[in-house]
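Me: I'm new to this one and would like to go through it slowly. Can you put it up, and then we start with the strands?

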Amino acid sequence: MARVVQYEKVGGPEVLEVVEVPDPTPSDDQVLVEVKAAGINPIDLKLRSGERPAPFNGPRRLGSDAAGVILEVGSAVSGWAPGDEVIVRGAHGADATQVVASAAQLVRKPASITWEQAAALGTPVSTAYQVLKSLEVGEGTTLLVHAGSGAVGSAAIQFAVAWGATVIATGSEANQQRMRDLGAIPTTYGPGLAERVRALAPGGVDVVFDAVGTDEALDASFELVPDRSHIGTIAAGARAADLGIRAWAGGSPVPLTPEEQALRAEAYQVVAGLLERGEFTIDVAHVYPLDEVAAAHRDIESGAVTGKVVLVP
Ligand SMILES: NC(=O)c1ccc[n+]([C@@H]2O[C@H](COP(=O)([O-])OP(=O)(O)OC[C@H]3O[C@@H](n4cnc5c(N)ncnc54)[C@H](OP(=O)(O)O)[C@@H]3O)[C@@H](O)[C@H]2O)c1
């Protein structure tokens, strides 16, 4: 039997339960993966709490990012074999001991990182890479990252610095040194944000990557970057069209284009190279047993965690 995290109604972390289910069977175009670690993302908490509405067709499973070992391969799948060590991204029900995934959802796990780090890479790395590429961040760009101390923001800082951009990043007082260590010029969020950023970037800001979606972050962005097509958000998607800014998921009704989806997949090849050269770090803050998924959600909701929270079977 496999064990999976599920919930039958939205609510606090207490709605989460771990139940036994028959081992999943991969269809012809899928593989079955033994999960070694699963990464929790903010969207998991938003779905569980009801902040991001989604229909119930029976109990809902949770989690989209995992890392593990292929157990079985469907007859129409090529290029993968039992025993392969993989990262699974965009899966349904990755908070489990086993998960099925299509070949398109698999990436080879870099040998140099742990299972927990591999599970933590998933959504943050692919999102950060695609957004930076879509906003054409590169050599010479001055980039402002809102929530640079978060998982997506930290990945964005590291990619952008590796590509020759100057990065100003916001985070709490406690995370200033962390963002500096990643190569950013850090500043705090809060009143006076636009003035602080202007002082740090006297030549002006070219592009904004918003990973928090607050009015404060958006208003500061509008003050600093008059051309709103150079402002992109992953957290205020529902308001993006009205505001005239770009958005990728995060509540946006517009789905990612095939090109944007391809960029999200490409991210892992690029990050594998950076990891090999020691130019990319992944911060796993806390690891919880799968059975303690509710405690893991409470930990994240406390707001006191910097870095990823990961589940292990
Ligand atoms: N659209 C997409 O495809 C997509 C993909 C991934 C994530 N997201 C969304 O993007 C957001 C960030 O995700 P994540 O995984 O990076 O989350 P995370 O690791 O939990 O980080 C959240 C960050 O927000 C920062 N923060 C809190 N309050 C802030 C404020 N008032 N102003 C600026 N920053 C503030 C925190 O900084 P301190 O800890 O320093 O206070 C923290 O580092 C979430 O809303 C998530 O749902 C969207």
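Me: How many bridges join S10 to strand S11?
Reply: There are 4 bridges between S10 and strand S11 (residues 185-188), and the two run parallel; two strands pair if DSSP finds at least two bridges between them. The strands (E, at least two residues) and the helices (H or I, at least four residues) are DSSP runs, numbered from the N terminus. This is a predicted model, in which local features need pLDDT of at least 70 and side-chain atom pairs count only at pLDDT 80 or more, whereas totals for chains, interfaces and linings use all residues. Residues are numbered from 1 along each chain as its sequence is written, and side-chain values use heavy atoms, with hydrogens and water left out.

Me: Which residue in S11 stands opposite Ala169?
Reply: Pro186 in S11 stands opposite Ala169. On the way from S10 to S11 the chain goes through helix H4 (residues 176-181), making a right-handed β-α-β crossover; right-handed means that, with the strands pointing away from the viewer, the path from the first strand over the helix to the second runs clockwise.

Me: Is strand S10 largely enclosed or largely open?
Reply: Strand S10 (residues 166-171) is largely enclosed by the rest of the structure, because 5 of its 6 residues are buried. Buried means under 20% relative accessible area, exposed means over 50%, and partly exposed is in between, with a 1.4 Å probe and protein chains only.

Me: And what joins S10 to S9?
Reply: Strand S9 (residues 142-146) runs parallel to S10, with 4 bridges between them, and Thr142 has Thr166 in S10 as its bridge partner. Between S9 and S10 the chain passes through helix H3 (residues 151-162), and this β-α-β crossover is right-handed.

Me: What about Thr170, buried or exposed?
Reply: Thr170, which lies in strand S10, is buried, with a relative accessible area of 2%. Its side chain reaches the backbone nitrogen of Ala147 at 2.9 Å.

Me: In what order do the strands of that sheet come?
Reply: The open sheet has 6 strands in the order S11-S10-S9-S12-S13-S14, with parallel pairing. S11 and strand S14 (246-247) are at the edges and have a single partner strand each, so one side of each is left without a neighbour in the sheet. Further in, S9 is joined by 4 bridges to strand S12 (residues 207-210), again parallel, and Val145 stands opposite Phe209 in S12.

Me: Changing topic, how many residues surround the ligand?
Reply: The ligand is surrounded by 21 residues, the closest being Ser149, Ser172, Asn175, Tyr189 and Trp248; a residue is near a molecule if one of its heavy atoms lies within 4 Å of it. These shell residues divide into 11 nonpolar, 8 polar and 2 charged, where Ala, Val, Leu, Ile, Met, Phe, Trp, Tyr, Cys and Pro count as nonpolar, Asp, Glu, Lys and Arg as charged, and the others, Gly among them, as polar. Helix H1 (42-49), helix H2 (115-134) and H3 each supply at least two residues of this shell.

Me: Which atoms lie 2.8 Å or 2.9 Å from its oxygen atoms?
Reply: A polar side-chain atom of Lys46 lies 2.8 Å from an oxygen atom of the ligand, while a backbone N or O atom of Gly150 lies 2.9 Å from a ligand oxygen atom. For Ala151, a polar backbone atom is 2.8 Å from an oxygen atom of the ligand.

Me: How much of the ligand's accessible area does the protein cover?
Reply: The protein covers 78% of the 920 Å² of accessible area that the ligand has on its own, with areas from the Shrake-Rupley method and a 1.4 Å probe.

Me: Now the backbone: what is the phi of Glu136?
Reply: Glu136 has a positive phi of about 55° although it is not a glycine. Most residues other than glycine have a negative phi. Glu136 is in the loop between H2 and S9 and is exposed, with a relative accessible area of 67%.

Me: Where does Ala249 lie, then?
Reply: Ala249 lies in the loop between S14 and helix H8 (258-276), and its phi is near 50°, a positive value in a residue other than glycine. With a relative accessible area of 33%, Ala249 is partly exposed.

Key
A polar contact is a pair of N or O atoms within 3.5 Å; within protein, one must be able to donate a hydrogen and the other to accept it, and residues adjacent in sequence count only if both atoms are side-chain atoms.
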